[in-house]
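Student: I'd like to go through the pockets of a protein model. Can we start once it's on screen?

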Amino acid sequence: MSAIRPTQLTVEYETSPPLGLDTPRPVLGWQSVGEGYGLVQRGYRISVASNPERLTESPADMWDTGYVESDRSSGIAYRGKPLESGTRYYWRVRVWDGDRCASGWSAVHSWTTGLFRGEDWQASWIGNKAYAHPGPAPLLRKLFYLDDGRSVESAFLFATALGVYRIRINGKDAGDGRLTPGWSDYRSHVRYQTYDVKHLLQEDANAIGATLGSGWYAGHIASFGSGHYGNTPALLAQLVIRYSDGKLLRIVTDETWKAADGPIREADLIHGETYDARLLQAGWDGPEFEDRHWNNADVLPAYSGTLKADIQPPNRITEDIIPVSVKKAGDGRYIFDMGQNMVGHVLLKTKGPAGARIQLRFAEMLTGSGEFYTDNLRAAKQTDVYILRGEGEERYEPSFTIHGFRYVEMTGYSGTPQLDSILGRVVHSDMRRTAEIETSDPYVNKLAANIIWGQRGNFVSVPTDCPQRDERLGWTGDVQIFARTASYNMLTRNFYKSWLEDLRACQMSSGAIPDVVPDVDAFHDWVRTIGMKGHGTAGWGDAAVIVPWTMYLVYGDRTTLCESYDSMTKWMEYLAANSVNGLRPEEGYGDWLSVRANTPRDVLATAYYAYCAKVMGNIAAALDRTEDRDRYSRLFGEISAAFADAYISPDGKIKGDTQTAYVLALTMGLAPENLRQRMAGHLAADIISRGTHLSTGFLGVGYLLPVLSEHGHHELACRVLQQMDYPSWLYSIKHGATTIWERWDGWTEEAGFQDERMNSFNHYSLGSVGEWLYRYLLGIDLVESDPAFRTVRIQPRPGGTITRASGVFRSIHGDISVEWCIREGRFECSLRIPVNVNATVHLPGRLEDISESGYSILRSRMSEVSGMLCAESEQAGTTLRIGSGSYFFCVPWNECSAPR
């Protein structure tokens, strides 16, 4: 019997069987599990078949790898027979352990293909030509019949919209997604969804019903108006039913569909939705409804872009939140406190006479007098209106809008609303959570939770800067600085892969990357009013290189590297064309929202130029592009030399003398080796001179604590983390924050609310400190030479007043868990390393003082039983190299043991 077995099968990194993949070579993966130490996979065999029965054939009819000698268990591209459109495929895997013993076969997993070719689409785009935003949301329906005497083998619905849509079959939702198909660069492509709807069909008569909204296509996404891509929402849908005898029935959107206005009188993503329940036509999406009084739908012009399968998890309702209080505010107004700044909408429950009008307004904060604070929303109304039908208890939740809020103001309610009159519904791209951390400091725990909430609130189809005001754009600088934290928190591979397709589509012919992705033409007109170009900005456009590299580091994702490679090289060419002798001129937004520190913009821009060259050398090496590797390595050397000559003095001072200038130089390999510690000392001195406060903005904040911990100032890093006074992470938490603020001074005791033009209370950029929490405080880090946490570095680092931390990171190879504490003069650390993963463990103390599960590691148990490969003692502690298994280490602890 094999000591290991395969489980958690994935297709394109997702454990749920994907629907509608239009890649001809999806990547497969799995985890191996087993009880024991030092367990590894020596080989595997994958079988793929067109139906489950053919999986038992040898070889399977689509692809059978036979035995493959390899320890790989992720990112394995399908290389079998060509896949057909709209077809489900089945697969399984077995593995061999280190002793060459084979496991049994895994459970059967599957995926369904989308529509590979343009000609596979026989549907037309339909809608209402007379639609004008904001206006009544069109209803579209089609009655159809199944053939008598034929059983249905499969039924897949392919659908998308220019705008947003909700589609139902026989009165039931085809899927649970919200605001589908999401936001994409409509000038290039729109994404379609695939639904398995066999279970929704019934004998004889059936009906499809769809509602259309403006969404990101024709509605407001910022303060610069609506209709950025087009003015008329349109639906494209194709239902393909396969009978058991092989006959196909296709129901497609065309001129035979019926159309009418519905109860949604207007809907806008940032302004809100108005719903008149008196206009609801009961059963309109069912087969018994009489639609003779409806008009025929308008066939609209064909879309000129590309249809692409949706690859990221849909926006879903992921949590319900009950308000914690409701208070009367006078004049018939009631204010609900959800207790959490959240993104989504509310479910309203009410009774009242027909025509009664209930208004719901949404805000993140209250003023000192308890009134709604909406100045920071700018032009965004964030208001929903429900007009009652007058028939007993009524329930309403919007379909085509989304709000960022903690507080809800209700007017027009008949009687006195109770806590259960509304229910908060959290909406975001439903990525799987992959990490947790908990420490002895409740404020740090709240910080970690706030970072998660900020990510949930701003990862809605694309990564946006904020969810409440009239902006909500995909600022690339925010994306790149937060990517590593985001990828600890959640499985982000397909979310970022989708966004990178938008980035590549938006890239300009010069190679410049827009400051926001997806790009909007009106944005460039707007941004010029503040004196910026809107593209090619240092620290923003560099997302083109940094984000794909992060996906490779975290997931071993070569596919995204390959897809992005040309785009990355074009960005590097743009940087070269806009540099002089290796230095980039002063431009851009700088270290956005730094505190009383002005990092010179040429220092920042040149640092990022060098860093991208360095990363490109690593990417070229990963893709076996030797010439490019050498070329980018030379380029990095040239830029770093020019940087040192221009900006670094002989005593290690850097131009600007700011915290961000030092952390960028040290992080990005620009500090001369003989000056690194001195430069780190200047950084530490600046922090101490400010009373242990940071001054970094968006671009420096994510690197600050890692640089301190890596350069002998870990204790100072912990003191900065735990700082309670302004400016600090915990200052906002002390004053009730439940998400990360955009500004350090979004609200202060002395000055109250800051600049209402730019004062979001739900941003994620300053939450990039989450990376440090996992990598340094908890101590789970990857090794770049063996990405995807195949080799993991474990180095817990106590500090400050934190005496305990525990957490887990769910890597694609399995769960890596760490729990450490300091008690009774001991440092205790429990680890769990998954099968097929090696760990380098750094512990304080001497080799001879360390025990594992009660045994000295100098005895035989570690070498003969637990799979320890070797151990080395150093002045700073001991390094162990171990394989999979569960471990409990104990080390004597005193002040001298603490990391420096």
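Tutor: Ground rules. This is a predicted model, with local features needing pLDDT of at least 70, side-chain atom pairs counting only at pLDDT 80 or more, and totals for chains, interfaces and linings using all residues. Residues are numbered from 1 along each chain as its sequence is written, and side-chain values use heavy atoms, without hydrogens and water.

Student: What volume does the largest pocket have?

Tutor: About 950 Å³. A pocket is an open set of points on a 1 Å grid over the protein atoms alone, where a 1.4 Å probe fits, with protein on both sides within 12 Å along at least five of seven lines. The volume is the space filled by probe spheres set on the points, which are joined across faces, edges and corners.

Student: Which residues are closest to its centre?

Tutor: Pro18, Leu19, Asp310, Ile311 and Gln312, out of 44 lining residues. Lining means an atom within 4 Å of a point.

Student: Which element gives the largest share of that lining?

Tutor: S15, with six residues. This strand spans 189-196. Strands are DSSP runs of E, at least two residues; helices are H or I, at least four.

Student: Now the second largest pocket. Which residues lie nearest its centre?

Tutor: Tyr611, Thr667, Glu771, Arg775 and Glu784, among 30 lining residues. The volume of this second largest pocket is about 760 Å³.

Student: And which element leads the lining there?

Tutor: H12 supplies the largest share, five residues. Helix H12 covers 698-710.
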